[in-house]
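I opened this notebook to record what I looked up about how two chains meet. The entries follow the order of my reading.

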4 protein chains.
Amino acid sequence: MSNRFGNLLCVTTFGESHGPAMGCVIDGCPPGLTLSEADFAEDLARRRTGASRHTSQRRESDTPEILSGVYQGVTTGTPIAVLIRNTDARSRDYQAIADQFRPGHADFTYQAKYGTRDPRGGGRSSARETVMRVVAGAVAKKWLQQQHGIRFESFVCQIGPHVPGVVDPQAALVNALQWPDAAQVPELEQFLDSVRKAGDSVGGSVEVRVHGVPSGWGQPVYGKLDALLASALMSINAVKGVDIGDGFASAGQYGSEHRDAIATTGFQSNHSGGVLGGISTGQVIRCRAAFKPTSSLRIPVDSISAQGEPVQVVTTGRHDPCVALRAPIICEAMTALVLMDLALAHRAQCGDVLPFQFSEQS
Amino acid sequence: MSNRFGNLLCVTTFGESHGPAMGCVIDGCPPGLTLSEADFAEDLARRRTGASRHTSQRRESDTPEILSGVYQGVTTGTPIAVLIRNTDARSRDYQAIADQFRPGHADFTYQAKYGTRDPRGGGRSSARETVMRVVAGAVAKKWLQQQHGIRFESFVCQIGPHVPGVVDPQAALVNALQWPDAAQVPELEQFLDSVRKAGDSVGGSVEVRVHGVPSGWGQPVYGKLDALLASALMSINAVKGVDIGDGFASAGQYGSEHRDAIATTGFQSNHSGGVLGGISTGQVIRCRAAFKPTSSLRIPVDSISAQGEPVQVVTTGRHDPCVALRAPIICEAMTALVLMDLALAHRAQCGDVLPFQFSEQS
Amino acid sequence: MSNRFGNLLCVTTFGESHGPAMGCVIDGCPPGLTLSEADFAEDLARRRTGASRHTSQRRESDTPEILSGVYQGVTTGTPIAVLIRNTDARSRDYQAIADQFRPGHADFTYQAKYGTRDPRGGGRSSARETVMRVVAGAVAKKWLQQQHGIRFESFVCQIGPHVPGVVDPQAALVNALQWPDAAQVPELEQFLDSVRKAGDSVGGSVEVRVHGVPSGWGQPVYGKLDALLASALMSINAVKGVDIGDGFASAGQYGSEHRDAIATTGFQSNHSGGVLGGISTGQVIRCRAAFKPTSSLRIPVDSISAQGEPVQVVTTGRHDPCVALRAPIICEAMTALVLMDLALAHRAQCGDVLPFQFSEQS
Amino acid sequence: MSNRFGNLLCVTTFGESHGPAMGCVIDGCPPGLTLSEADFAEDLARRRTGASRHTSQRRESDTPEILSGVYQGVTTGTPIAVLIRNTDARSRDYQAIADQFRPGHADFTYQAKYGTRDPRGGGRSSARETVMRVVAGAVAKKWLQQQHGIRFESFVCQIGPHVPGVVDPQAALVNALQWPDAAQVPELEQFLDSVRKAGDSVGGSVEVRVHGVPSGWGQPVYGKLDALLASALMSINAVKGVDIGDGFASAGQYGSEHRDAIATTGFQSNHSGGVLGGISTGQVIRCRAAFKPTSSLRIPVDSISAQGEPVQVVTTGRHDPCVALRAPIICEAMTALVLMDLALAHRAQCGDVLPFQFSEQS
């Protein structure tokens with residue numbers, strides 16, 4: 001039951017890192033949406049590894065095949081299945097460590113839970129699974145754009161100790177670090193080179209901004225927009241924290257500072273991140289996810305074997321020195337899936353409620 | 001659909017702040033657990049308002065009545081319904097603002113979503129709803145304690161600019177601020193008095209620690225323990241951020257620093273917060289939630305009426321200067337509900353997997 | 001998890017036959033529906049026992065209290081909780097048999113499942129639970145009527161060996177047997193008197209017809225309208241069979257006889273019962289449920305005690321000689337809940353699909 | 001959301017009759033079950049068309065590929081995806097009628113719901129979808145057999161006007177009609193030949209019997225074993241009725257006749273079909289499904305085009321004269337999925353309840 005996401009737009013994913021294929025089934029998509037494999041290309045490219053020296057050198061072609069749910073280029077309302085064959089899985093990289101628990105990875109916990117596991121490339125716990133989130137997210141983003149004019153931005157907003165001086169989301173699209181401050185990129189590349197050469201890795205954070213979400217989406221009490229976003233983002237590999245709007249900084253604020261005043265033209269600020277009481281305000285949705293540094297390092301670390309004997313683990317496979325660099329499009333995808341699910345839920349329950357209109361144009 | 005929480009242990013809550021009653025239905029609880037209204041007393045007292053000058057002066061007796069699911073003091077496996085009548089609802093406090101959108105509250109978004117709303121005390125969006133989370137959480141905590149020896153700790157770990165010098169969770173149980181550093185309490189009380197006198201409020205954070213969770217609980221990929229915790233905590237009123245283990249600090253760490261080494265006796269540190277790959281490691285589960293400052297202030301703020309006319313909002317009802325102070329037991333409750341749900345899910349799928357044993361006792 | 005029904009319109013019920021109260025929470029109802037306790041009166045009266053000598057003489061006032069979700073007489077979109085206190089529970093009737101398994105009842109299976117049970121009046125397995133289905137069904141029926149002009153009819157269509165000579169659903173509303181052939185009622189009353197006097201009971205069947213359901217409701221493949229109806233009706237106490245349209249008779253038909261031809265004005269017959277491929281055709285929905293005879297008889301039967309010793313069971317409590325007589329409104333309620341749930345699901349996924357129009361008016 | 005089945009063992013299927021492939025994802029299967037493609041062979045063969053002149057002459061090789069969830073021949077607890085490519089789809093058979101609504105099929109209702117449809121072979125509404133139910137069912141049957149010694153039997157129990165004189169489930173396995181009375185087979189073959197030559201079809205019924213289900217499986221009130229079976233069987237293409245135990249015949253019985261007496265060795269009869277109060281009694285589970293005759297006939301019938309113009313429909317593709325003949329294994333599969341789901345649910349909630357033991361061996 002845990003490999004599906006969403007209620008009305010329900011995405012089920014399957015596949016292991018070094019198994020034959022990754023796949024997803026997207027159930028509940030409205031009929032009438034034009035869709036083809038080409039719609040996945042841009043987002044898959046943004047997620048792809050091997051594009052720069054700062055990401056894993058595993059080179060998957062990521063060629064999706066739509067198996068169902070689309071007829072003559074248009075969705076029919078039946079489940080959309082998409083398959084991507086794994087082509088560059090080098091399981092020999094992992095044979096040395098098949099019998100060890102890599103610290104910081106899910107090796108130990110999968111073994112503890114299931115009494116068995118697929119050790120090849122982390123099996124199901126690999127970040128390879130996120131390729132299907134991106135595929136499903138592309139469908140959601142297309143629908144949200146066409147039906148509601150919704151637009152997504154995402155970028156890396158922290159790499160280790162570094163934070164951007166200025167935030168220009170467009171800039172992030174054109175550099176390998178997905179960094180919103182172009183001027184800082186050379187310095188950060190140097191920093192990441194040094195981390196990689198040391199055999200180490202570093203954490204990072206990602207911000208997503210969504211423009212054009214109407215007011216009224218989200219469901220009290222346990223289906224709050226922000227609660228679902230938190231779950232969606234925290235479910236991404238390596239995420240250890242999630243916040244919305246001013247987020248953790250809110251804990252240090254005064255009420256007179258945090259609350260967003262309302263004028264006849266709309267809200268006057270956006271500390272809330274576009275969510276009040278779990279429902280969208282009509283402002284920009286703004287959320288962040290913090291990624292831990294990957295634990296696959298050339299620096300040795302103490303661990304144990306599956307038999308409980310002490311071992312030293314050194315990871316020589318292909319890994320990302322900073323997993324956050326590939327994460328913006330994954331965070332976008334999860335955010336889009338949440339929003340489309342809530343858009344459908346809102347139409348179900350409140351399909352005949354008139355949208356709120358401010359008395360003056362902002 | 002959004003007023004229920006959990007899958008196998010499914011809690012549905014209902015009730016408005018100033019309606020006749022709050023209630024919950026707890027479905028899926030195993031049979032054979034001794035349970036009576038007395039089991040809710042301690043946790044309800046910890047959540048209760050009016051206990052000190054630092055919380056809202058609304059004084060609810062919070063007298064729970066078990067309506068079903070318990071026979072001769074023992075759960076039967078059928079749904080446990082609990083009702084608490086509202087007794088100190090002063091709706092007149094809200095009549096002045098029934099027609100206004102209080103900035104920072106859900107007034108605007110409920111109106112935008114539903115085209116109507118119950119304005120009395122915030123209706124369904126009031127923190128009063130959390131009384132039922134505490135009731136349900138008490139059931140989960142009792143079961144987790146009896147079946148698995150699991151023990152919870154929770155405390156306030158930030159109030160505005162203040163953080164504890166030392167962290168003694170026991171200390172938090174015996175002061176009105178739920179603060180884990182007894183020496184700081186007088187200074188913090190002074191700070192909160194000044195905030196309250198200024199008609200303002202302040203944010204805060206809460207930490208929950210869970211001792212005794214076995215390894216193996218949690219479900220990849222979308223039902224990760226940490227993803228469900230994130231959703232559970234973010235669904236609490238006023239929460240704007242959630243993190244696990246080192247959380248947001250992980251974004252600034254190196255991999256060699258973050259990953260927890262493993263010895264023959266167990267893990268050697270706990271940066272992960274007791275979760276790897278979405279599954280419990282067997283260590284202490286550690287998570288935090290950041291609360292925004294309440295927006296109900298005596299300081300006026302610009303807003304609009306339901307008719308779209310500009311108004312000034314001043315809130316004179318009974319409110320908390322720092323909502324985090326009452327939140328630890330609520331966070332505990334939500335954490336307990338997640339854990340019990342996952343305990344049952346683990347038993348369902350992996351009921352015949354032998355628990356992992358380290359080769360040496362730690 | 002098993003005490004809730006429906007997805008978008010999700011009803012959770014609780015309560016035991018002789019516990020303090022029965023209750024339900026209706027989550028997902030659209031806002032803006034006028035609703036008060038009076039809306040439940042007619043349907044509750046139709047279900048009520050004690051109205052004639054042919055039903056159990058337990059006399060419950062069935063006084064519902066709306067606890068939430070309605071403000072100033074209108075639904076707000078938040079969960080609607082309804083409570084009915086049990087007032088005529090005579091547990092002494094059951095003390096003699098608390099320690100025995102009544103054949104044909106759930107006593108044995110609840111004990112086998114849970115290792116414990118509430119024996120008073122059958123506890124949770126009692127048909128008393130259906131009072132809450134009727135309450136929830138009344139909400140669904142009101143919404144379906146107001147939004148779509150949908151109208152329900154239900155009647156008893158078999159009592160033991162007897163079937164109606166003519167079917168006039170209106171006639172069924174004005175006799176105690178809910179029988180659609182007025183001329184047969186005296187003979188059937190005599191039959192039921194003889195059954196009751198013999199200390200025995202008899203089975204029966206119920207038919208529901210729904211007028212005005214538009215085409216397009218229902219969801220392939222596992223959420224078919226007829227699959228959900230089957231589940232909904234089979235979940236009613238004592239139901240042993242469910243069919244749709246020509247139902248079981250279809251097994252004896254030829255294809256040239258069963259398929260319904262289509263003209264420019266619409267379908268020319270309705271063997272399908274208004275469902276094709278799990279989706280409504282726009283015709284009358286027609287379904288049936290078969291009820292077994294109640295097993296609570298004055299005629300002794302062999303059984304065992306909870307300790308496994310042989311016993312003779314004689315039931316002297318208040319029971320229905322033919323449980324189908326009270327069932328039409330319960331079947332209506334369950335059918336209404338399915339239809340409203342699917343109406344919302346259809347609006348969610350296909351809210352912008354234009355309804356099909358036949359080229360000519362029929 | 002409607003293309004998945006089950007809660008803890010959750011099966012999602014996808015694929016259109018003449019699309020590239022059929023597939024399923026089986027989520028929640030316990031780890032440690034040996035599984036390979038060979039495990040599907042026997043059941044797929046039993047469902048396959050083209051094996052005799054009495055079934056459709058479409059010849060699919062039905063070659064399954066396991067894409068995930070199995071490592072070194074053993075399930076890992078992660079989702080099991082299975083793919084079967086469609087190889088003998090002759091869409092030209094359908095081009096003539098792509099623009100027409102075939103009476104008795106889902107063409108009209110899919111168009112009404114979605115505003116579009118895949119007309120090739122019925123698209124998603126084709127019985128081809130059931131190939132994946134059989135695949136998933138084979139997994140469930142294997143687990144139920146290994147864990148609980150549960151064994152399935154299924155056979156055709158009605159073909160048009162014919163019912164078996166004797167019922168020998170073993171006999172049904174060795175004739176093309178899956179008929180439990182070997183002596184009648186020649187006569188029935190003659191009957192089916194005459195139906196086929198007339199260009200017509202005929203209905204039929206299927207019975208499933210499950211041996212070895214322990215007492216205690218099933219969940220009151222809406223998750224009753226029989227309610228879930230009803231939904232599972234009614235979701236199969238062409239099913240119009242479902243009953244359990246004595247089923248519809250119960251409506252004509254007396255209580256003294258229907259209730260099953262209990263002795264110290266166990267139940268003395270099985271009118272209930274192995275279910276009381278929605279929970280298994282430990283006896284043989286017995287249920288039936290009634291199948292309508294297929295509507296694809298060479299006999300012309302009136303209908304309309306998608307443009308609403310009158311047309312005559314004649315179907316010349318490959319079809320089954322009696323769809324019930326291939327259905328036993330499909331009914332078995334759905335029954336197995338329900339039982340395994342409830343087995344897991346029972347372990348989740350009642351994993352520590354001791355099984356009921358009769359005081360004497362039967």
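The entries below go from the contact between the chains to the sheet that they share.

**Entry 1: the contact.** I noted at the outset that this is a predicted model. I then looked up the residues in contact and found 105 residues from chain A and 105 residues from chain B. The two chains bury about 8500 Å² between them, and 64% of this area lies on carbon and sulfur atoms. On the side of chain A, A:K113, A:Y222 and A:R259 lose the most area to chain B, together 12% of what that side buries.

**Entry 2: polar links.** I looked for salt bridges between chain A and chain B, and the count is zero. The search for polar contacts across this interface gave 49 residue pairs, with both residues at pLDDT 80 or more. I also sorted the side of chain A that touches chain B by class: 47 residues are nonpolar, 42 are polar and 16 are charged.

Entry 3: Which strands join the chains? I found three bridges between β10 (residues 239–244) of chain A and β10 (residues 239–244) of chain B, which run antiparallel. Here A:V242 stands opposite B:V242. I wrote down the order of the open sheet of eight strands as β8(A)-β9(A)-β15(A)-β10(A)-β10(B)-β15(B)-β9(B)-β8(B), with antiparallel pairing. The β8 strands (151–159) of chain A and chain B stand at the edges with a single partner strand each, so one side of each is left without a neighbour in the sheet. Neighbouring strands of this sheet are turned by 15 degrees against each other on average, direction ignored.

Entry 4: I followed β8(B), which pairs with β9 (residues 204–211) of chain B over eight antiparallel bridges. The bridge partner of B:F152 in β9(B) is B:V210.

Conventions
Residues numbered from 1 in each chain as written. Chains lettered and ligands numbered in written order. Predicted model: local features only at pLDDT ≥ 70, side-chain atom pairs only at ≥ 80, totals over all residues. Heavy atoms only, no water. Contact = heavy atoms within 4.5 Å. Buried area = accessible area lost by both parts, 1.4 Å probe. Salt bridge = Lys/Arg side-chain N within 4 Å of Asp/Glu carboxyl O. Polar contact = N/O pair within 3.5 Å; in protein donor to acceptor, adjacent residues only side chain to side chain. Nonpolar A, V, L, I, M, F, W, Y, C, P; charged D, E, K, R; others polar. Pairing = 2+ DSSP bridges. Helix = DSSP H or I, 4+ residues; strand = E, 2+ residues; numbered from the N terminus. Axes fitted to C-alpha atoms, helices over the stretch in contact; angles between N-to-C directions.
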